[in-house]
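This report describes how the parts of a protein model meet one another. Please examine the sequence and the structure before reading further.

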Number of protein chains: 2
Amino acid sequence: MEISDLAKQAKAASLHLAALKTDVKNNALIFVAKALIKNTRDIIAANKKDLTEAENSGLAAPLLKRLKFDEGKIKAVVEGIESLIKLEDPVGKTLSARELDKDLHLYQVSCPIGVVGVIFESRPDALVQISTLCLKSDNAVLLKGGSEAENTNKILAEIISQASVSAGLPTGWIQLLQTRQDVKEMLALDDCIDLVVPRGSNEFVRYIMNNTNIPVLGHADGICHVYVDADADIDMAVRIAVDSKCQYVAVCNAAETLLVHEKIAQDFLPKVGKEFEQNEVEIRGCDKTRSIIDAKPASEEDWRTEYLDTILSVKVVEDIDAAIDHINTYGSGHTDAIVTQNETAAAKFLDLVDSADVFWNCSTRFSDGFRYGLGAEVGISTNKIHARGPVGLEGLVIYKWKLLGNGQTAADFSGPNARKFTHKDIDKDCPI
Amino acid sequence: MEISDLAKQAKAASLHLAALKTDVKNNALIFVAKALIKNTRDIIAANKKDLTEAENSGLAAPLLKRLKFDEGKIKAVVEGIESLIKLEDPVGKTLSARELDKDLHLYQVSCPIGVVGVIFESRPDALVQISTLCLKSDNAVLLKGGSEAENTNKILAEIISQASVSAGLPTGWIQLLQTRQDVKEMLALDDCIDLVVPRGSNEFVRYIMNNTNIPVLGHADGICHVYVDADADIDMAVRIAVDSKCQYVAVCNAAETLLVHEKIAQDFLPKVGKEFEQNEVEIRGCDKTRSIIDAKPASEEDWRTEYLDTILSVKVVEDIDAAIDHINTYGSGHTDAIVTQNETAAAKFLDLVDSADVFWNCSTRFSDGFRYGLGAEVGISTNKIHARGPVGLEGLVIYKWKLLGNGQTAADFSGPNARKFTHKDIDKDCPI
């Protein structure tokens with residue numbers, strides 16, 4: 001089938017999803033969880049096929065590990081679905097309510113976005129997580145996973161589709177794309193698809209962002225900073241800098257650049273330098289840094305680089321303004337932390353650093369949907385509109401305005417005998 | 001100066017705007033209001049120049065009226081600024097607060113979007129309204145008004161810039177673009193500009209939407225529907241249909257298509273037809289409509305047309321599902337109303353019609369920021385993300401996540417002695 005036909009099916013399904021009751025959705029999630037358990041053997045067989053092909057084609061060991069979808073992984077995604085069932089329904093919430101006039105009541109009510117296209121990495125767990133998030137939020141979804149996981153994704157999508165449709169969801173709400181070419185075609189379908197969520201390498205996300213008119217939710221780079229202020233507690237600063245860089249280097253919320261106030265550099269840098277040495281982190285420093293500790297020279301390019309590796313660029317700055325300026329110039333709007341005992345400095349940093357996540361006296365590694373307690377995570381966004389930072393279910397909904405009257409016309413509110421709007425906030429959920 | 005330089009200035013200013021205190025902003029708005037009054041004579045002189053040029057070039061009378069900016073208009077925009085001062089500061093509001101662990105508190109806090117580009121029609125009042133909305137929400141703004149209003153816009157932008165900067169706003173936060181070519185260049189500056197708000201004709205808005213990577217907030221078409229259900233009160237339906245079509249035909253929330261349930265068509269259409277005849281509305285109907293009342297035949301194209309004129313397309317439908325399907329196929333996601341005494345039908349319509357504004361038993365003409373009581377209006381959005389329907393100050397803000405700790409690291413929460421996240425909602429505003 002053509003991708004445009006799949007998208008049209010998804011669009012048609014999405015128009016029915018919007019009215020699903022909470023218990024129908026939760027029941028469908030229960031059906032999906034049961035079907036996954038029931039089909040464990042077939043899922044593992046399909047995954048073995050993918051694993052064999054991947055091994056034969058020489059896929060690297062860490063990627064093979066991500067690709068593997070065994071009984072433990074199935075149990076984990078089923079537990080995820082059980083938590084999702086317990087989360088409050090994000091759709092149908094009254095966000096504001098206002099009386100415009102007697103018996104003319106305006107309600108702002110949350111509703112699904114419509115059709116979401118999600119492109120994700122090789123972990124098959126992602127397919128289950130994303131599709132069930134979309135189910136819970138009444139969105140239709142077009143999914144494209146890593147091609148290494150083709151067989152696993154296919155059986156998972158079939159199981160989820162069949163189980164949910166048998167529980168009352170409209171046919172076609174979940175669609176699986178097969179090839180890179182499919183993704184390219186999907187990006188042109190801005191008449192059917194309302195939001196694209198790309199997950200994966202920065203080159204890939206950047207390609208998506210530059211090649212579609214559909215709004216994109218995601219992040220390309222994660223160039224995160226730790227700024228150690230003049231008034232920092234040095235031991236705390238060492239701990240936070242080391243954790244931000246070393247706790248897991250290959251992730252988007254790991255620090256790539258350390259900024260140090262010149263007043264504290266002489267005391268702080270030797271201490272943190274020793275820790276980085278023990279953690280085998282390569283330091284690339286500015287001239288001032290290199291006058292205090294051993295480091296390779298940093299180039300302009302280093303400030304713009306997301307290493308995702310045991311490399312850290314270090315710069316000594318004149319003051320907090322220079323630190324903020326550096327972050328707003330070279331950062332990616334993801335996560336940046338200040339270490340200081342000075343509340344005024346912290347407030348300034350948190351207000352003026354233009355990033356999704358701004359932290360005071362803690363590691364950049366906390367910016368994550370699970371750690372934030374959002375439940376499941378759709379992704380991390382560095383957008384400036386709609387949703388920013390770790391995005392939970394709320395990122396998959398928007399609102400509509402429901403106005404309930406009893407025959408009012410605009411003419412009633414104009415001319416010499418015009419009625420006046422009362423515009424009183426009311427404390428009431430939308431009754432229909 | 002190059003447009004990219006103006007945009008960079010605005011971007012630099014925006015990074016300072018984010019920390020302005022509420023009283024600084026309100027004081028700046030007072031300064032702006034006073035400066036407008038003080039410079040009334042010069043503003044009117046500049047406007048006279050525009051009016052003379054426009055008359056000489058043969059601008060139509062209604063457009064000349066919109067272009068005119070006299071003492072009354074100045075008074076009106078000053079009153080608008082006074083209301084804006086009274087509105088709550090949209091920035092710095094704590095939207096959610098959660099304890100992740102003891103002394104590790106996460107706050108979701110509203111903040112400005114950054115730099116907004118606004119392109120608006122010939123009314124110079126729009127320049128004052130939009131720039132003061134941006135000021136109140138801490139956004140820098142690039143403005144481009146109608147070329148007929150060039151002199152008026154120039155003096156207004158100068159007055160607003162000088163008055164606000166003298167009250168403490170950063171230089172360069174407000175920038176005026178001069179030509180269509182400037183707009184074209186602006187649309188390419190997605191590294192500096194975070195949101196574009198185009199107001200004007202649908203061709204123009206569509207051009208903007210198709211020619212930029214910057215997110216766009218707005219609407220191209222306003223193809224609004226009134227659906228008269230089988231269970232409608234016929235007198236009410238006549239009143240609502242006539243008001244939705246006739247109260248002001250040239251606006252985006254006027255109805256363009258009337259859908260009528262076949263069970264009520266025989267009773268309703270002759271009554272409403274008489275009213276439309278008196279209002280000199282041309283009816284273009286489907287075959288069933290034409291078998292009941294006098295009407296020209298409607299073509300497929302009519303269902304997709306925003307007349308903005310005294311023309312109405314009318315279709316008789318089999319049931320509510322056909323009405324919803326018609327609206328979701330041909331509508332523009334703007335405003336659609338159902339007239340019915342049946343609450344179940346109303347609920348279905350409001351849930352399944354995929355439009356920003358869905359109304360029960362009232363005129364489509366109510367979808368408007370002033371009527372909704374939003375205070376000033378940025379525009380009306382048919383987007384599916386960020387903001388939908390009439391957009392007030394809230395559409396100009398987003399949020400950031402502020403995490404306040406006392407030295408916590410991700411390592412504390414992993415491994416055999418891992419601390420557990422508490423994830424408790426807390427009822428507290430962000431302290432910094």
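## Contact between chains A and B

The model is predicted. In it, 64 residues of chain B are in contact with 64 residues of chain A.

Several elements of chain B supply at least two residues each to the side that touches chain A. The strands are β1 (94-101), β2 (104-112), β13 (357-362) and β16 (397-408); the helices are α10 (234-246), α15 (343-352) and α16 (369-372). The most is given by β16(B), with 11 residues. By residue type, the side of chain B that touches chain A divides into 32 nonpolar, 17 polar and 15 charged residues.

## Strand pairing across the chains

Which strand of chain B pairs with strand β16 of chain A? The partner is β13(B), and the two strands run in the parallel sense, paired over 5 bridges. Strand β16 of chain A covers residues 397-408. Within this region of the model, A:W401 stands opposite B:D357, a residue of β13(B).

## Domains of chain A

Chain A is divided into two parts: domain 1 (3-217 + 387-396) and domain 2 (224-372). The C-alpha centres of the two domains of chain A lie 35 Å apart.

Where these domains meet, 5 residues of domain 1 are in contact with 7 residues of domain 2. The side of domain 1 that touches domain 2 consists of 1 nonpolar, 3 polar and 1 charged residue.

Methods. Residues are numbered from 1 along each chain as its sequence is written. Chains are lettered from A and ligands numbered from 1 in the order in which they are written. This is a predicted model: local features need pLDDT of at least 70, side-chain atom pairs count only at pLDDT 80 or more; totals for chains, interfaces and linings use all residues. Two residues are in contact if their C-beta atoms, placed from the backbone, lie within 7 Å. Helices (H or I, at least four residues) and strands (E, at least two) are DSSP runs, numbered from the N terminus. Ala, Val, Leu, Ile, Met, Phe, Trp, Tyr, Cys and Pro count as nonpolar, Asp, Glu, Lys and Arg as charged, and the others, Gly among them, as polar. Two strands pair if DSSP finds at least two bridges between them. Domain bounds come from an automatic or database domain assignment.
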